[in-house]
Amino acid sequence: MIAIVDRARRVGPLISRIVAAVLGGYALAALGSVAALALPMDRAQAVIAGMLASFAIYAGAVVWVFAVRSALRAWVGLLAAAVPLSLAAWSVWAANTGGAAS
Amino acid sequence: MSMDEGKALRPDKVAPKARGIRQTMSDLHIWAGLLTGWFLYAMFLTGTVSYFKDELSQWMRPEIAHQAEVPDPALVAQRIVAELATAAAGSSQWSIGLPSNRNNTADAFWRKPNAQGRRAFESATFDPATGRKVSARETTGGDFFYRFHFQFHYMPVLWGRWLAGFCAMFMLVAIVSGVITHKKIFVDFFTFRWGKGQRSWLDAHNLLSVFGLPFHLMITYTGLVTLMTLYMPWGSQAAFKTPAERQQLTSEFSAFVQPTQPSGQKAALASVEDMVRQAQARWGAHNINRVTIANPGDAASRVSVSRGDEGRASMSPQYMLFEGSTGRLLETKDRVGPAAETRGVMYALHLGRFGDSVTRWLYFLVSLAGTAMVGTGLVMWTVKRRQKLPDPERPYLGFRVVERLNIAAIAGLSTAMAGMLWANRLLPVGLPGRDQWEIHVFFIVWGTMCLHAVVRPAKKAWLEQLWLATALLALLPLLNMVTTQRPLWHSLTVGDGVFVGVDLMLWALAALHAMLAIRTARHSPKLRPARRAPPALRPAPSSTAGERA
């Protein structure tokens, strides 16, 4: 029993990091690609710029997740990066749906 | 890397909190590399070969004569259009790829009338001189390796592309973490310790990686960029709601003109030759890539003539759009937005089609170094761990799996690729689905190599597969000699650079495999005292890929 708990305590944070890297990293990259629409440029160009940059965001996120001291920090860091990106993405989304309604 | 080794030889476990950035990045590098390494190796090698896919396609269709002079694209386009009027009658869209100095055929595809979905297109290869369909053996040619390198086979195309993207992302992470790990990147570049077992593998891995680092980083990132609309569709979905809006984006990527609604009125197509002439005046006589015709034979037909890859390192669409019935120029597209142009340049950098043959050879060589980088990395995983095995005669399961997969992925792939070329020469021409059978042979050989790697002792498996690959490659020019009318001396006398090039390349690759086999055979695990290892550990053998299990 203790062995199982011990194992979970060792493996748990690692799995948490892997999830943070693979899924969290992708989510952050996707968010970043949408946030790029807030850039003051032509819409199609902003879409492309967002796509182009997304893989760098993804790679950076993965490196971050494994570089920091704990799995918790990894998640906190991803969320901290997601906040401004979400704000930018949300502003685009709100403007877009608002524009479509009017 | 050096820190990593320090840890590896220290018997006591280091507490996780005390690990430095180089240590964590080293682990990330090792695991990202290992988990996708076999896919990456196959993607790298088949991708490398694809830099010569047009030449390979020519070699695989020996019935089509050597093209001494590139025909005038305007005349060829007119010929193929005339042929398609019957071959693809009733189709709403034709697209004709014109011959070039690397391609001796015209390749067309068209939308089948009344067909939907993925199977809606049909394609054929035409002789530029006559406009007729070529009567060559059925083969996918060099296109198989090209397609395999980003979408694999025996699985839905989209799954394959996602898998390739997943692996490419791992590669990107492996490169970034590898660089962070590597604190002495400059010094290590000038360091090579021959015959020092693991050290030599590490130095080889470092040399290959650092030498090509800008290329490897570029090729990985741009590879992701080529399929980015698949991997990252979210921005486009958020920005564009209707297909018409989305068309704004598509037109920044592709010269492919979507067919509009036909008018229903018949109208003969004006001279396509004249339209191509106008494009030639703009871009150069042989700088025409493709002619696409929407709604041929209808009053609302459109003809787009797109520019070739010459004289620009960009894949961004550049084309002239004509009204099909009158031949009137409607639009000249020669620029896209800044972000789209960035994407176009990245795309072109990945494909390397802009270059002359010298650039192409450089691409091939650096890309081969990239393949070797992945290969040496995979082998190093086993070499490093072998020294620490409690009982080298009976390694643990994970070790054996990696060891055997390495053999099948590296030596087995070469054998399978050579095997496919054998199938190209030996399968009967009349065999139904012959082109698919060439591919099946590739996988049958690869699967056999995989089994062979499992049942044979590791070193024997390496040697036997490397020698088999050597023999298959070395005998291919001879097989070509007896099965076609185009033996090497004939190619030399008529100045057929493609056949001479492929035949000689096969021998060069055979020599490379022979060299690998000889080095593997020579490195019998001689025992030497490990300098830094604590006495409790077994003496570290000087290891190679083919070391005894």
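The model is predicted, so local features need pLDDT of at least 70 and side-chain atom pairs count only at pLDDT 80 or more, while totals for chains, interfaces and linings use all residues. Residues are numbered from 1 along each chain as its sequence is written, and chains are lettered from A and ligands numbered from 1 in the order in which they are written.

Select chains A and B. Their contact takes 29 residues from chain A and 31 residues from chain B; two residues are in contact if their C-beta atoms, placed from the backbone, lie within 7 Å. On chain A, H2(A) supplies the largest share of the side that touches chain B, 17 residues. Helices (H or I, at least four residues) and strands (E, at least two) are DSSP runs, numbered from the N terminus.

Next, colour chain B by domain: domain 1 covers 2-60 + 146-226 + 352-522, and domain 2 covers 73-135 + 255-316. These bounds come from an automatic or database domain assignment. Between the domain centres, taken over C-alpha atoms, lie 37 Å. Five residues from domain 1 of chain B and six residues from domain 2 of chain B form their contact.

Finally, select strand E1 (residues 93-97) of chain B. Five of its five residues are buried (20 or more other C-beta atoms within 10 Å of a residue's own, with C-beta atoms placed from the backbone). B:Trp94 and B:Ile96 point one way, and B:Gln93, B:Ser95 and B:Gly97 the other. E1(B) runs antiparallel to strand E4 (residues 288-294) of chain B, joined by five bridges; here B:Ser95 stands opposite B:Thr292.

Note on methods: Buried ≥ 20, exposed ≤ 12 C-beta atoms within 10 Å, placed from the backbone. Pairing = 2+ DSSP bridges.
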